[in-house]
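Morning, everyone. I'd like to talk through the aromatic contacts in this one. Here it is.

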Amino acid sequence: MPKISIIIPLYENIRIDTVLDSLARNSDIDHEVIVIDNSQSPEKIARIAAHMQRFPSVKYHRQPTNLGVTGGRNKGLDYLDPASEYILFLDHDVLLREDCLHNLLQDFEAIAAKNPIGILTGKVCYTEAHDTIWAAGTDINLYSGKIMFYCGRDVGQYETIRPVGVAPSIIFTRRALVEKLGGFNDLFFANYDDTEFCFRYRKQGYPTYYTPRAVGFHDIPIHATNNNRLLDRGYYIARNRILFMQRFSACYPIFLCFIPLWCAYYFRQYVKNNRTRDFKVYLKGTLDGLFGR
């Protein structure tokens, strides 16, 4: 079977060992793991390094500065085994079921035998609730810029292979395509990076598909509020939404009309979470996106 290179950009997730353990259980597929560690906290760097001693075969490379999600993924491309034919870009907090790599490879090749395909993603549930879907692929409204998740209680509603707009967290593709079309756009750093990647490939005739047979588990609390996680990324959410829509929107002037509504929505979220002062970061991201800074 073809070999898979798995690239994981890491940022201060001291539970990376659980992710690596899940990859080790995918033992029926020849694969290598490349971890690009963007962590900056000395304490977390030390704890991650201690974990990595359990995985001597992993190619572990710590970066002196934070390259972001895009930079981490692109840096991982420098360390690919020459024999690898496929690449899996995997988030640092997603554990894979023991048959995930096998099913990604099998379904990608089955789809490619009938249709053009650039990227394949899978069903991502929660680690603490395997019957609840975090994302079965996502899409984006090309007028408003709103991300749409296919999620919820798993009652069999996402059990068919189908095209989707975006591959979140599990991004599986051919190495030859990456060499032809390029890696991730470093301008995005984090947020909308996977969206831009998938739409750029689709624009070149290589769409994204979803398969329910490739299952992962997102190691985030299911019941905890997601607001602070989003608000922490307010700058990049505001800026990168605009940068993406400049490139791929169905009608950019219509999208511009949504920007005040997005600002109002996020201002309300910052106020509700007692973080009103932080809203200025979201505004800065909006201005930087509009004026290309």
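First, a term: buried means under 20% relative accessible area, exposed means over 50%, and partly exposed is in between, with a 1.4 Å probe and protein chains only. This is a predicted model, so to speak: local features need pLDDT of at least 70, side-chain atom pairs count only at pLDDT 80 or more, and totals for chains, interfaces and linings use all residues. Residues are numbered from 1 along each chain as its sequence is written, and side-chain values use heavy atoms, with hydrogens and water left out.

Now the rings. The structure holds 23 aromatic pairs. Rings of Phe, Tyr and Trp (its six-membered ring) pair if their centres lie within 6.5 Å; planes under 30 degrees apart are stacked, over 60 edge-to-face, the rest tilted.

Take Phe108 and Phe172. Their centres are 5.8 Å apart and their planes meet at 75°, so this pair is edge-to-face. Phe108 is in helix H4 (residues 100–112) and Phe172 in strand E12 (residues 170–174), 64 residues apart. Helices (H or I, at least four residues) and strands (E, at least two) are DSSP runs, numbered from the N terminus. Phe108 is buried, at 0% relative accessibility. Phe172 is buried too, at 0%.

Next, Phe199 and Phe248. This pair is tilted: 5.9 Å between centres, 55° between planes. Phe199 belongs to helix H6 (residues 193–203) and Phe248 to helix H8 (residues 234–248), so the pair ties together parts 49 residues apart in sequence. Phe199 is buried at 5%, and Phe248 is buried at 14%.

Last, a cluster. Ring pairs link Trp262, Tyr265, Tyr266, Phe267, Tyr270, Phe279 and Tyr282.
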